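Student: I would like to go through the labels used for this structure and ask what stands behind each of them.
Tutor: Then take the labels in turn, each with its cut-off.

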Amino acid sequence: MAQEWALWLPEQALKTLRYGGFYTVEIQPGLRVVSLNMNFCARENFWLMVNSTDPANQLQWLVHVLQASEDRGEKVHIIGHIPPGLCLGSWSWNYYHIINRYESTVTGQFFGHTHMDEFQMFYDEETRTRPLGVAFIAPSVTTYVNLNPGYRIYYVDGNYKNSTRLVLDHETYILNLTEANHNLESPGNPEQNPKWSLLYRATEAYGLSSLFPSDYDKLLGIFISDDRTFQKFWYLRHKGHVSESCREACKTTMLCFLRSGRSDELDLCDHLNGFARNLARAARKTLC
C-alpha cells in the first residue's frame, strides 16, 4: 500500500502507513488530515481480544498529532472507515475522550462503512448536552441491499487565515439503479452511460443555515417533534430507496444511533428506553 500511495504521501506519512496503516498530512497551511486505521477498532477483528484499548498505539499517536496541531494553531480533519460509535467499547471510549479534549482542533470527522447517509453526534463528557462534534457518515458508491449507489460532496470553510475549517454544507448524488437497468432503447441491457443526479443538499433539505454541531443537535430535536422531517431523513438515509416508513422502536433505534458517537451510549439509550439492549443490537446490524 505504501508503494502504491508513494506518489501522494510524504515519507513521514509513508513511515506510519507501513507501521500501522495510519498517517497524517498537511493539506494546506493551517489544515491537517489524519487518516486512522479503523481495523484496530472493528468488532469483527478477533485479534483485538489480545489488546482492544489501543492497538499499535494509534490513539497515542493521534494525541501527539493533535497536540502538535493545537500548538501550531492548525485545524484537523479525521478520516476513517468505521464510525467510532460502532467500534469496540474501550477504543470508542478513548476516541470520544480525545475528541472532547481537542474539540477546538478537530473540526471535521468523516467516515463510511454503513453504506447509509447518516451521522453521529459527540457531546461534552461533563454534561452530555453540549454538542461539540459530528461524525459525518457518507453513503457508498458500492451497491448494497435496497440502496442506490451514492456519493457526497462537502463544502468546508475555506483556505484563509483563521478559517474554522468546519463543514458548512454537503450534497449527496445518487445513481438510480432502477432507471439505469430499465433501458427502453435496448431492453435487457443496462444503460451504458447512466446519469448521476443530485438527491439533496443538507441545508435546503432540513432548513438549516449551516452544519455545525449545534445545528445537528437542533435537528435531532426536530426529528423528535416533527415526524415528517424525520421520515424525510429516513428516505435520504437510504439514498432515495425505501419501501416503508420508520416509526416507534425503529425511530427510537435510529435516534439513539445518531446521538451515540460513543458505542456504550447505544446501550445507555437502550436502558433508558427499556428495550433490553435490542436497540443497540439493531443499530449495530448496520455493520458490513
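Tutor: A crossing is left-handed if the near helix is turned anticlockwise from the far one by less than a right angle, and right-handed if clockwise. Helices (H or I, at least four residues) and strands (E, at least two) are DSSP runs, numbered from the N terminus. Helix 7 passes helix 8 in a left-handed crossing. The model is predicted: local features need pLDDT of at least 70, side-chain atom pairs count only at pLDDT 80 or more, and totals for chains, interfaces and linings use all residues. Residues are numbered from 1 along each chain as its sequence is written, and side-chain values use heavy atoms, with hydrogens and water left out.

Student: Which residues of helix 7 meet helix 8?
Tutor: Leu 219, Ile 222, Phe 223 and Ser 225 do, against Asp 227, Thr 229, Phe 230 and Phe 233 in helix 8. Contact means heavy atoms within 4.5 Å.

Student: Why is Arg 165 called buried?
Tutor: Buried means under 20% relative accessible area, exposed over 50%, partly exposed in between (1.4 Å probe, protein chains only). Arg 165 has 3% relative accessibility, so Arg 165 counts as buried. Arg 165 lies in the loop between strand 7 and strand 8 and has a positive phi of about 60 degrees, although it is not a glycine. Most residues other than glycine have a negative phi.

Student: How do you know that His 113 is buried?
Tutor: The relative accessible area of His 113 is 9%, so His 113 is buried. His 113 is found in the loop between strand 4 (106–111) and strand 5 (118–123), and its phi is near 80 degrees.

Student: What joins strand 7 to strand 8?
Tutor: Two strands pair if DSSP finds at least two bridges between them. Seven bridges join strand 7 to strand 8 (residues 167–175), and these strands run antiparallel. Tyr 154 stands opposite His 170 in strand 8.
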